[in-house]
Amino acid sequence: MFENQDRTNLEDLGEFGLIGHLTKNIKLTQPSTVKGVGDDAAVLDFTGKKVLVSTDMLLEGIHFDLAYTPLKHLGYKAIQVNLSDIYAMNGTASQVTVSIGMSSKFPLEAIEELYEGIYIACEKYNVDLVGGDTTSSKQGLVISVTSIGYADEADVTYRNTAGEGDLICVSGDLGGAYVGLQLLEREKQIYLENPKIQPDLEGKDYIVERQLKPEARRDIVELLKSIDVKPTAMIDVSDGLASEILHICKESDKGCNLYEDKIPLDPMTYETAREFNLDPTVCALSGGEDYELLFTVKQADYDKIKFKMDITIIGHITEPSAGCNLITKTGNVHALKAQGWNAFKKD
């Protein structure tokens, strides 16, 4: 990856030298950050707020493939997938910590590229990087991010508070990240079979970006606040729409009806799924990694959200005895099954 460039070996810097090099230009912007990088622990002050904390780990070969994932994009994505969890609690993300494990194959220049993406994401979302750790790894690149945020107690939204009759809403569109991954995997295989053939991603920018550079939906949290709508339950779509709505229904002890013809699909997602002989609806239900927000609202809020461009009403919550169902375009009823990402599924 960096063989033909000047390389700075990490062992020449040492752990503390590396940390100092990567963090020397950090600028703190959050009032809640009292002390960031540079001491034994960060010091944060969330006066009168509930503190939200979430952690995610990304492992090379499981969560990402460096054959087609630029390190800058990977750093950006690592932050986004964590901020998404804070927004899914109807909160404001304010700080992150980043820990990385890397093998000796990575020179300083590669780690700088990874951190460039991290810093771009932090700046864009007004989040302070306040700590972390670095270590060597024999299993490839490991990235662990902890996101920290806050919310007023009355605003915090959980998964277990959906009510019967509530409308089921989702932001953006679904399935694009999964279809983008299929495209990247196909081009990787073609390249491995014949390195003279360059990847052909012409005209597929949107779905490739959905996979490599997702955007956490802070804007949806802000939009809902601006129109005075508090979701009754909320979760982010990391493992697929079916899996996430089943989480809400299980935790809330409710059922649901989802309507296939209401599920938002981008035309590029739809067309590319068909090229791969995939059902676009299945991609949306089971694909995952879209990092959209799935939430429920009271029917009384219908008029407030019905014309909001980036929110789609896709169903409603029912009594638990009705089960969790998908109503197809032809009117057939199928039980919803979670077939999305399973971290412990054996290949």
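**Exercise 1.** Locate Asn277 and decide whether Asn277 is buried or exposed.

Solution. Asn277 sits in the loop that joins helix 8 (267-275) to helix 9; helices (H or I, at least four residues) and strands (E, at least two) are DSSP runs, numbered from the N terminus. The model is predicted: local features need pLDDT of at least 70, side-chain atom pairs count only at pLDDT 80 or more, and totals for chains, interfaces and linings use all residues. Residues are numbered from 1 along each chain as its sequence is written, and side-chain values use heavy atoms, with hydrogens and water left out. The relative accessible area of Asn277 is 74%, so Asn277 is exposed (buried is under 20%, exposed over 50%, partly exposed in between, with a 1.4 Å probe and protein chains only).

**Exercise 2.** Describe the surroundings of Asp290.

Solution. Start with the position: the loop between helix 9 (280-286) and strand 10 (293-297) holds Asp290. Asp290 counts as buried because its relative accessibility is 1%. Next, contacts (heavy atoms within 4.5 Å): leaving aside neighbours within four places in sequence, the partners of Asp290 include Asp173, Arg210 and Val237. Last, the Asp290 side chain reaches the backbone nitrogen of Gly176 at 3.5 Å and that of Ala177 at 3.4 Å.

Conventions
A polar contact is a pair of N or O atoms within 3.5 Å; within protein, one must be able to donate a hydrogen and the other to accept it, and residues adjacent in sequence count only if both atoms are side-chain atoms.
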